[in-house]
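User: I would like to learn how to read the features of a structure that is new to me. Please go through a few of them with me.

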Amino acid sequence: TLTAGGSRLRPATTNYEPAPGHVRGASSAQRPYPYSRPGSIRTLGAVAELPIRRATQSEVPAIAALYLEVAEEVVAREPALRHVPTSTEVERRYRSRIADPGRSVLVAVMDGSVIGFADAGLQHHEDQGTYDRPGVYAYAEELIVTSAYRRRGAASALMRALERWATKAGARAILLDTHVTNAEARSLYQALGYREMGVILLKEM
């Protein structure tokens with residue numbers, strides 16, 4: 001599962017505080033992502049179009065199943081801070097998010113089934129008394145692709161679709177985060193043009 005999410009600790013001092021931003025389920029070695037083009041899947045010499053569209057309420061159970069598919073792996077990275085939620089809790093979260101006009105929950109569909117999803121929200125920076133420039137930013141909280149479709153372009157297609165949505169919404173940048181040990185996620189995002197900025201520090205009490 002390629003993922004970008006999970007509940008995370010968020011520093012209260014920033015307006016675009018780090019939240020989930022993983023490519024989850026990334027257990028193999030770091031490698032480049034030579035995808036053919038955004039919105040496509042490479043399959044044994046052929047390229048098939050991969051539909052990316054807004055999620056519907058009827059797809060919430062499938063989204064929840066994908067979220068839970070990678071839950072144990074995500075929680076294992078920070079077990080003192082995370083927990084595996086119930087399906088009911090995840091479904092409640094995404095029913096609300098799909099209905100939120102300030103968010104974009106997108107799904108990748110193959111043969112009529114949801115094989116991945118991405119979730120991002122807009123953040124408005126209006127406080128002139130901070131270092132942050134006023135404006136609109138998008139924050140990508142989740143990027144999850146089921147394990148059978150890793151390295152076939154689905155994660156890239158979802159991120160490119162989120163970027164188009166963010167641009168249309170007037171965002172000046174899209175931000176995300178992933179765990180420092182998740183080398184495959186970091187490789188994917190860097191291949192898509194993201195640069196690493198800042199470090200999140202944690203001290204358990």
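**Aromatic pairs and helix packing**

Analyst: A search of the whole structure, which is a predicted model, finds 3 aromatic pairs. One of them joins Tyr 67 and Tyr 94, with 6.3 Å from centre to centre and 55° between the planes, a tilted arrangement.

User: Which parts does the pair of Tyr 67 and Tyr 94 tie together?

Analyst: Tyr 67 belongs to helix 1 and Tyr 94 to helix 3, so the pair links parts that are 27 residues apart in sequence.

User: How are two packed helices described?

Analyst: The description uses the angle between their axes and the distance between the axes. Here helix 1 (residues 60–69) packs with helix 3 at an angle of about 125°, and the axes are 9 Å apart. Angles over 145 degrees would count as roughly antiparallel and 65 to 115 as roughly perpendicular, so helix 1 is oblique to helix 3. Their crossing is right-handed.

User: Which residues make the contact?

Analyst: From helix 1 come Val 60, Pro 61, Ile 63, Ala 64, Tyr 67 and Leu 68; helix 3 supplies Ser 87, Val 90, Glu 91, Tyr 94, Arg 95 and Ile 98. By type, the contact of helix 1 with helix 3 has 9 nonpolar, 1 polar and 2 charged residues.

User: Where in the chain is confidence lowest, and where is it highest?

Analyst: The lowest mean, 38, falls in strand 1 (residues 40–43), and the highest, 98, in helix 3 (residues 87–99). Over the chain, pLDDT averages 80, and 77% of the residues score at least 70. Residues 4–47 stay under 50, and the model gives them 165 contacts beyond four places in sequence.

Definitions and conventions: Residues are numbered from 1 along each chain as its sequence is written. This is a predicted model: local features need pLDDT of at least 70, side-chain atom pairs count only at pLDDT 80 or more; totals for chains, interfaces and linings use all residues. Side-chain values use heavy atoms; hydrogens and water are left out. pLDDT is the predictor's confidence in each residue, from 0 to 100. Helices (H or I, at least four residues) and strands (E, at least two) are DSSP runs, numbered from the N terminus. Contact means heavy atoms within 4.5 Å. Axes are lines fitted to C-alpha atoms, for helices over the stretch in contact, and angles run from 0 to 180 degrees between N-to-C directions. Angles under 35 degrees count as roughly parallel, over 145 as roughly antiparallel, 65 to 115 as roughly perpendicular and the rest as oblique. A crossing is left-handed if the near helix is turned anticlockwise from the far one by less than a right angle, and right-handed if clockwise. Ala, Val, Leu, Ile, Met, Phe, Trp, Tyr, Cys and Pro count as nonpolar, Asp, Glu, Lys and Arg as charged, and the others, Gly among them, as polar. Rings of Phe, Tyr and Trp (its six-membered ring) pair if their centres lie within 6.5 Å; planes under 30 degrees apart count as stacked, over 60 as edge-to-face and the rest as tilted.
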